[in-house]
Amino acid sequence: MKEIDLFIDESGNPGRGRGRYFTIACVAVDSINTKRVQRKMKKETLKIKQNYPNKNWRNGEVKAASLRKEERASLVSKIVQTPISIYYITIDKYNIREVMFEDKSRSYNYWLKLIIDNVLADNTDCLAMNIYIDNRNTKIASVNSFDDYIHIHVQMELVKDINLNVKYLDSHKSFGIQIADFISNGINLRFMNQNDIIYKEFNTIYVCAECFPRKNFGK
């Protein structure tokens with residue numbers, strides 16, 4: 001890949017309580033394939049809307065949480081037929097330091113950085129990276145702080161000459177972020193409920209998983 005598009009979304013809550021696990025998922029696509037991947041998601045979500053003609057979809061978006069698990073798994077099985085890779089980090093909130101709850105923005109930036117490190121490790125020929133994040137995640141991640149943070153990390157700490165672009169989009173306007181919503185939902189379901197109905201659909205594509213903290217995750 002020379003230019004990579006990353007679509008980011010999360011599942012769970014990074015704060016205290018409200019479930020043990022929090023997942024950030026990244027759908028990585030070679031930019032030459034992005035339109036093809038998004039067209040596929042548009043097509044599959046349109047089919048779902050046609051199955052529920054009387055349902056009111058907020059902003060016209062099909063969210064993973066609004067569907068039955070079997071429906072989510074079916075949609076994901078279609079999407080993984082396109083040229084995407086999945087990178088994710090799942091955080092075990094029972095085993096992280098208290099300071100990570102106190103400044104969720106810094107914690108989110110750090111966890112997302114770990115994902116991007118893995119993407120770059122797998123794509124040493126990358127010259128440009130476009131990072132698309134759901135606008136609602138600005139409640140967690142400060143727009144300017146992450147943009148500055150990742151530029152400093154990649155260009156100064158990793159010493160990589162990569163053109164980085166960070167953009168925050170409304171998810172109902174980005175089918176790539178909508179894919180990440182389904183992916184993160186399926187991953188968090190696996191850890192929260194020990195249910196692999198969606199996660200098992202990933203077995204035909206490349207998945208890079210990160211569990212945090214590595215030493216005490218799930219214990």
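## A walk through a predicted fold

Val 159 sits in the loop that links helix α5 (143-157) to strand β5; helices (H or I, at least four residues) and strands (E, at least two) are DSSP runs numbered from the N terminus. This is a predicted model, in which local features need pLDDT of at least 70 and side-chain atom pairs count only at pLDDT 80 or more, while totals for chains, interfaces and linings use all residues. Residues are numbered from 1 along each chain as its sequence is written, and side-chain values use heavy atoms, with hydrogens and water left out.

**Backbone details**

Val 159 has a positive phi, near 55°, and is not a glycine. Arg 18 also has a positive phi, of about 55°, without being a glycine; Arg 18 belongs to the loop between β1 and β2. Another detail to look up is the peptide bond from Phe 212 to Pro 213, which is cis with omega near -5°. Pro 213 follows β6 (207-212), in the segment after that strand. For context, most residues other than glycine have a negative phi, and most peptide bonds are trans.

**The overall fold**

The chain holds 6 helices and 6 strands, arranged along the sequence as β-β-α-α-β-α-α-β-α-β-α-β. A compact globule of 219 residues would have a radius of gyration near 17 Å, and the chain agrees, at 17 Å; the radius is taken over C-alpha atoms, and the globule rule is 2.2 Å times the number of residues to the power 0.38. Along the principal axes, the C-alpha trace spans about 50 × 40 × 30 Å.

Contact here means heavy atoms within 4.5 Å. Of the contacts between residues at least 6 apart in sequence, 79% join residues at least 24 apart. Buried residues (under 20% relative accessible area, with exposed over 50% and partly exposed in between; 1.4 Å probe, protein chains only) make up 53% of the 219 in the chain.

**Residues inside and outside**

Here is how some individual residues compare in accessibility.

| Residue | Relative accessible area | Class |
|---|---|---|
| Cys 26 | 0% | buried |
| Ser 171 | 9% | buried |
| Cys 208 | 13% | buried |
| Gly 12 | 39% | partly exposed |
| Val 159 | 65% | exposed |
| Arg 18 | 70% | exposed |

Ser 171 is in the loop between β5 (163-169) and α6. Beyond its neighbours within four places in sequence, Ser 171 is in contact with Glu 61, Lys 63, Asp 134, Ile 177 and Gln 178. The C-alpha atoms of Ser 171 and Tyr 132 are 9.6 Å apart, although 39 residues separate the two along the chain.

Gly 12 lies in the loop between β1 (3-11) and β2 (21-30). Leaving out residues up to four places away in sequence, Gly 12 touches Tyr 21, Phe 22 and Asn 188. From the C-alpha of Gly 12 to that of Asn 185 is 8.1 Å, across 173 residues of sequence.

Helix α2 (residues 69-79) has several buried residues, among them Leu 75, Val 76 and Ile 79. Their cover includes α1 (34-51) and α6 (175-193).

**Cysteines**

How many disulfides does the structure hold? There are 0 disulfides, a disulfide being a pair of cysteine sulfur atoms within 2.5 Å. The closest cysteine sulfur to that of Cys 26 belongs to Cys 208 and is 9.7 Å away, so the distance is too far for a bond.
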